[in-house]
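User: Hey, could you walk me through this structure? I'd like to start with the holes inside and then look at the sheet.

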Amino acid sequence: MLRITNFRVPIDDNTAMAKLAAKRLNLPPQAVLEVVLVRKALDARRKNNINFVYTLDVKIASPEGQALARLRGDKEVTMVSQAVGQPVAYGNRPLEHRPVVVGLGPAGMLAGLTLANYGYKPLVLERGRDVDRRTQDITNFWRTGKFDEVSNVQFGEGGAGTFSDGKLTTRVNDPRMRDVLDLLVEAGAPPEIKYLHKPHIGTDKLREVVKYIRKSIIEFGGQVEFETMVTDIDVKEGKLKGLMLEDGRYIPCTTALFGIGHSARDTYYMLHKNQVAMQAKPFAIGVRIEHPQELIDRAQYGITAGHPNLSAADYALVYHTKDTGRTAYSFCMCPGGIVVAAASEQGQVVTNGMSYYNRASGIANSALVVNVNPSDYGNSILDGIEFQRKYESLAYQAAGRNYFAPVQTVGDFLAGKSGSESFLVNPSYNPGIAAVDLRQCLPRFVTDTLAEALPDFGRKIRGFDHNDAVMTGVETRTSAPVRIIRNSDFVSENTEGLYPIGEGAGYAGGIMSAALDGLNAALALIGKYRY
């Protein structure tokens, strides 16, 4: 096939893609037999000339070489061959017990499904509940403030990403990423995730995808248990021998893939107690900020805002302080979304952003966070966890000890006062909010950096620092505060048979990179053992 890159088409041009491709290749329309959309991005840098930018693979009736000869010197038209799948090699070492997957987030799901597909019949243990019951529990928490430590935004089938915007963007360049996208589409995700530059699935569709993957694991011989928490590991002479469960059972196993997520603090402590190699790592904390989606659309699209072919606009903002070495940046931006309560422990307030597939809430929200280094929080490997807990607890106390979230307008925050309730948009966080000074529940270096960054962000996006824009605290779960150290074969540095995977292990950031990490770790296990 021929590949056309950097193919720019005005957003209001609704001409059939085959006809556009034929024109681009100087061919009659009937000469184009097939067009495959490889990539679709949006270039809105010029507000009066917004274009979609495509990469297309085109099958034509005439020999491709002839077409290329006619377009000699055109670097944006090339020959492309069909990608060849990577073969899977099976190992020779006998596996005495079936592998165990701990956690059913993106990494655990892909690890479990890959092992099941290749006949390894994994046992998958998830501390939370299945996605349907979990949805009920979370909805009840948001409505009533009755928190459930077992079933919440952090724990349960699908992991934390299930109650997020469902972004599928990643910077990871791995040919198997295509396999992950194909699987998600097979499971019910919209087909456009395979070609959009910034794919997103939404919490509503992601919940159905999660169920499909779990059912597939079971169909291929795996076993999935919910409300099953691993409380200890049995390690002898540096080798994994088994897992102890909260209900008293002992599971013999010599291989376990730990996709625990970034909020499994008790599991981090358990692994540290067992001297599994770990290290502290940087993360970031801050707030969520909300604006009318229309304000962001106008800033990003100009006079074209509201065009039916344009989706809700997003943004990415970064500010580097002049003398402290700090960086403030937007994180997990949710067009047309809401701010949600995402606590995983009693007596703490945590926020996150969430969107449905249609992104139709009318509100744009994003985290605004500041980098936190290990030197900011102590000398112990696990001090980052206590740092997070401290500010989540302060947020809980500041807002009334009822899981309401502390909020403050940008104007009040910059003026050093609090109490204003004239909001540009009504805060979307539930079960409720309290207008307080966010400096009560964030470190000084974070609030100072945000105060310096907000006017700069306002210069980049007009109205971003509007006095009545509302900020909600606190955002603390941007990434894992520790890394479980592993070798190139995905195995723990000092505990043979233990495979730390995904975001909780410190080797991924987001749904796609975590899923890919789980898939690749499972293939590494398959390449070492036979079962």
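Analyst: A term first: Ala, Val, Leu, Ile, Met, Phe, Trp, Tyr, Cys and Pro count as nonpolar, Asp, Glu, Lys and Arg as charged, and the others, Gly among them, as polar. This is a predicted model, where local features need pLDDT of at least 70, side-chain atom pairs count only at pLDDT 80 or more, and totals for chains, interfaces and linings use all residues. Residues are numbered from 1 along each chain as its sequence is written, and side-chain values use heavy atoms, with hydrogens and water left out.

User: By class, what's in the lining of the second largest cavity?

Analyst: That lining has 7 nonpolar, 2 polar and 1 charged residues. Among them are Phe141, Asp148, Ser151 and Asn152. A cavity here is a set of points on a 1 Å grid over the protein atoms alone where a 1.4 Å probe fits but cannot get out, and lining residues have an atom within 4 Å of a point.

User: And how does the lining of the largest cavity divide?

Analyst: Into 11 nonpolar, no polar and no charged residues. Met109, Val180 and Ile511 are among them.

User: Which helix gives the largest share of that lining?

Analyst: H6, with 4 residues. Helices (H or I, at least four residues) and strands (E, at least two) are DSSP runs, numbered from the N terminus.

User: OK, the sheet. What's the strand order?

Analyst: E2-E3-E1-E4, an open sheet with antiparallel pairing. Strands pair if DSSP finds at least two bridges between them. At the edges, E2 (32-43) and E4 (77-79) each pair on one side only.

User: How many bridges join E2 and E3?

Analyst: 10 bridges. Glu34, for one, has Lys59 in E3 as its bridge partner.

Key. On a 1 Å grid over the protein atoms alone, a cavity is a set of points where a 1.4 Å probe fits but cannot get out, and a pocket is an open set with protein on both sides within 12 Å along at least five of seven lines; lining residues have an atom within 4 Å of a point.
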